[in-house]
Amino acid sequence: MDENRIAGSARNLGGKVEEGVGRATGDVRTQVEGRLDQAVGAAQDLYGQTSDAARETAVTLDKWLRNTIETQPYMAAFVALGIGWLLGRMHRPL
């Protein structure tokens, strides 16, 4: 679990408490700051979730690529040659 998810959830919870204190005391500024902390915490939590998903996808892609290269080495070499040829064709001297 990404540390941004934990920090974001904690900030969101702190914002809810701050907003509740602002409501109880009638302080509008504290309520607004609490809502702002909730929004920032939610954004940080979402960033952490996205980071976790990207990390998991990269690991899955790495495992798939390693398995494909190990089980089909000729196909992997053919694909690598094709990509190299395409990159070479993209370079057009003036």
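Trainee: In this predicted model, is arginine 55 buried, partly exposed or exposed?

Mentor: Buried requires under 20% relative accessible area, and exposed requires over 50%. Arginine 55 has a relative accessibility of 44%. That value falls in between the two cut-offs, so arginine 55 counts as partly exposed.

Trainee: Which residue forms a salt bridge with arginine 55, and how far apart are the closest N and O atoms?

Mentor: A salt bridge needs a side-chain nitrogen of Lys or Arg within 4 Å of a carboxyl oxygen of Asp or Glu. Arginine 55 has such a partner in aspartate 52. The two residues are three apart in helix H2, so about one helical turn separates them.

Trainee: Is aspartate 52 buried or exposed?

Mentor: The cut-off for buried is under 20% relative accessible area. Aspartate 52 has 15% relative accessibility, so it counts as buried.

Trainee: How many residues apart in sequence are the parts that aspartate 52 and arginine 5 tie together?

Mentor: The side chains of aspartate 52 and arginine 5 meet in a salt bridge, with N to O at 3.2 Å. Aspartate 52 belongs to helix H2 and arginine 5 to helix H1, so this pair ties together parts whose separation in sequence is 47 residues.

Trainee: Which helices hold aspartate 45 and arginine 5?

Mentor: The side chains of aspartate 45 and arginine 5 also form a salt bridge, at 3.9 Å from N to O. The pair ties together parts 40 residues apart in sequence, because aspartate 45 lies in helix H2 (residues 28-71) and arginine 5 in helix H1 (residues 3-25).

Trainee: How do aspartate 45 and arginine 5 count, by what relative accessibility?

Mentor: Aspartate 45 is at 18% relative accessibility, so it counts as buried. Arginine 5 is at 24%, so it counts as partly exposed.

Trainee: Which residues do salt bridges with shared partners join into one network?

Mentor: Salt bridges that share partners make one network of Asp2, Arg5, Asp45, Asp52 and Arg55.

Trainee: Is leucine 81 buried or exposed?

Mentor: Leucine 81 lies in helix H3 (residues 73-90). The cut-off for exposed is over 50% relative accessible area. Leucine 81 has 65%, so it is exposed.

Technical notes: Residues are numbered from 1 along each chain as its sequence is written. This is a predicted model: local features need pLDDT of at least 70, side-chain atom pairs count only at pLDDT 80 or more; totals for chains, interfaces and linings use all residues. Side-chain values use heavy atoms; hydrogens and water are left out. Helices (H or I, at least four residues) and strands (E, at least two) are DSSP runs, numbered from the N terminus. Buried means under 20% relative accessible area, exposed over 50%, partly exposed in between (1.4 Å probe, protein chains only).
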